[in-house]
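Thank you for making time this morning.

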Amino acid sequence: MDYNPRAERAKVAIILCTHNPNLNYITKQLISLESQTVKDYELFINDDASNHDLFQRINVLVPSIITNKYTIMRNQRNIGFSQNFIQTVNQIKNFKYYSYCDQDDVWHKDKLQKSLEKIKNHNLYCSSTRLIDTNDNLIGLNLLNIKASFKNSLVQSIAGGNTYLFDNKVKELLFKIPKTSVIPSHDWTIYQLAAAHDLNIIYDKSPSINYRLHDKNTAGTSFGLLARLNRIKLLFSGVFREWNNQNVRILSLYQSSMSTANQDILKIFKRDRDGNLIKRIRIFTKYLVRRSSFYQNFALLIGLIFKKI
């Protein structure tokens, strides 16, 4: 670990996870953190076994930009981005809030300020994102039009984890996740667990970050006909169903601590997605499990018909 000594304990722990980052992108991200209008944060960087040269360059880069307290850590072996985010936040204690940060995005200068203002009376804050390309050109807006709910969380993540700010009630839920679990996406898992336990989730339709899309994104958002065709390919290849299998295995660990209503929803989803055609379709028609748009709900219904959910 490498420490930048500063005595006082900040309100927010920002968790920045890296793996062989593009140095130009991570530099822009660090500058955006340093430019925040709210300075009450401490930065934790956990590198997921990048090559030695890149890790050394991260160690040089961070103190050249960041003046707040920071900690740099490194995994001895690659554990994947989802487990890296989960395991890193589980190591950090005594903060009021925790915020996830990707290595190649750019935070708006008021991202932290806005998140802190809007999380009041809530447990999890998340937002839409502006989409940018490799040259920082604005190419779109990633915006969902749906109310956060456990039913929605079963088939869709509400927002990118790179927008998340959450409190200790959310954080405490993550300790039970086994280090050996395969997690499709840490943000989706956190949304599911928060919703399953009836915690208060606020989705901000106003974007708080510039989310960079490029060919090396571990996870990303894209639009257009080709992107939709690729998602349909994922659906029919069985990838989405396997993601749901993995999510259900994790959620089952928490079934006893969920509300009775959410226990029932999970039992129905687990049972009927493996049932006959009528049972699978009633997940949509009777139990009203929904995604956020007409196109996505059409794909959900097709997936249920062909047992791909």
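What follows is a short tour of this model, which is a predicted one.

Let me begin with Ser127, which is found in strand S7, a strand made of residues 124–127. Is Ser127 buried or exposed? Its relative accessibility is 2%, and because buried means under 20%, Ser127 counts as buried. Its side chain makes a polar contact with the side chain of Ser208, at 2.7 Å. If we leave aside the neighbours within four places in sequence, Ser127 is in contact with a set of residues that includes Ala159, Thr163, Tyr203 and Asp204.

Thr163 deserves a look of its own, and its place is in the loop between helix H5 (150–153) and strand S10 (165–167). Thr163 is buried as well, with a relative accessible area of 0%. The side chain of Thr163 reaches the backbone nitrogen of Ser127 at 3.1 Å, and it also reaches the backbone oxygen of Gly160, at 2.9 Å. Among the residues in contact with Thr163, again leaving aside neighbours within four places in sequence, are Lys111, Tyr125, Cys126, Ser128 and Ile209. For a sense of scale, the C-alpha atoms of Thr163 and Phe284, which are 121 residues apart along the chain, are separated by 29 Å.

Turning now to the strands, there is an open sheet of 4 strands, in the order S6-S12-S8-S9, and its pairing is mixed. Strand S6 (106–107) and strand S9 (138–142) stand at the edges, each with a single partner strand, and so one side of each is left without a neighbour in the sheet. Strand S8, residues 129–132, and strand S12, residues 209–212, run parallel and are joined by 3 bridges.

Next come the helices. In H3, 9 of the 11 residues are buried, and the helix is thus described as mostly covered; the buried ones include Ser82, Phe85, Ile86 and Val89. For H7 the count is 11 of 11 residues buried, and among these are His186, Trp188, Ile190 and Leu193. Just after H7, Asp198 takes a positive phi of about 55°.

How do these helices relate to the interior? The largest nonpolar core has 54 residues, of which Ile15, Tyr100, Phe150, Tyr164, Phe166 and Ile190 touch the most other members. Helix H7, residues 186–196, supplies the largest share of this core, with 7 residues. Another core lies apart from it, with 31 residues, among them Ile26, Tyr70, Tyr97 and Leu131.

Finally, the aromatic rings, of which the structure holds 8 pairs. One of these is formed by Phe85 and Tyr100, in an edge-to-face arrangement with 4.7 Å centre to centre and 65° between the planes. This pair links distant parts of the chain, since Phe85 is in helix H3 (residues 81–91) and Tyr100 is in strand S5 (residues 97–101), 15 residues apart. Both Phe85 and Tyr100 are buried, and they belong to one aromatic cluster together with Phe44, Phe95, Tyr98 and Phe166. Two rings also have a charged group over them: the charged end of Arg74 sits over the ring of Phe55, 5.1 Å from its centre, while Lys176 lies over the face of Tyr254, at 4.9 Å from the ring centre.

Technical notes: Residues are numbered from 1 along each chain as its sequence is written. This is a predicted model: local features need pLDDT of at least 70, side-chain atom pairs count only at pLDDT 80 or more; totals for chains, interfaces and linings use all residues. Side-chain values use heavy atoms; hydrogens and water are left out. Helices (H or I, at least four residues) and strands (E, at least two) are DSSP runs, numbered from the N terminus. Buried means under 20% relative accessible area, exposed over 50%, partly exposed in between (1.4 Å probe, protein chains only). A polar contact is a pair of N or O atoms within 3.5 Å; within protein, one must be able to donate a hydrogen and the other to accept it, and residues adjacent in sequence count only if both atoms are side-chain atoms. Contact means heavy atoms within 4.5 Å. A nonpolar core is a set of buried Ala, Val, Leu, Ile, Met, Phe, Trp, Tyr and Cys residues joined through side-chain atoms within 4.5 Å. Rings of Phe, Tyr and Trp (its six-membered ring) pair if their centres lie within 6.5 Å; planes under 30 degrees apart count as stacked, over 60 as edge-to-face and the rest as tilted. A charge sits over a ring if NZ of Lys or CZ of Arg is within 6 Å of the ring centre and within 35 degrees of the ring normal. Two strands pair if DSSP finds at least two bridges between them.
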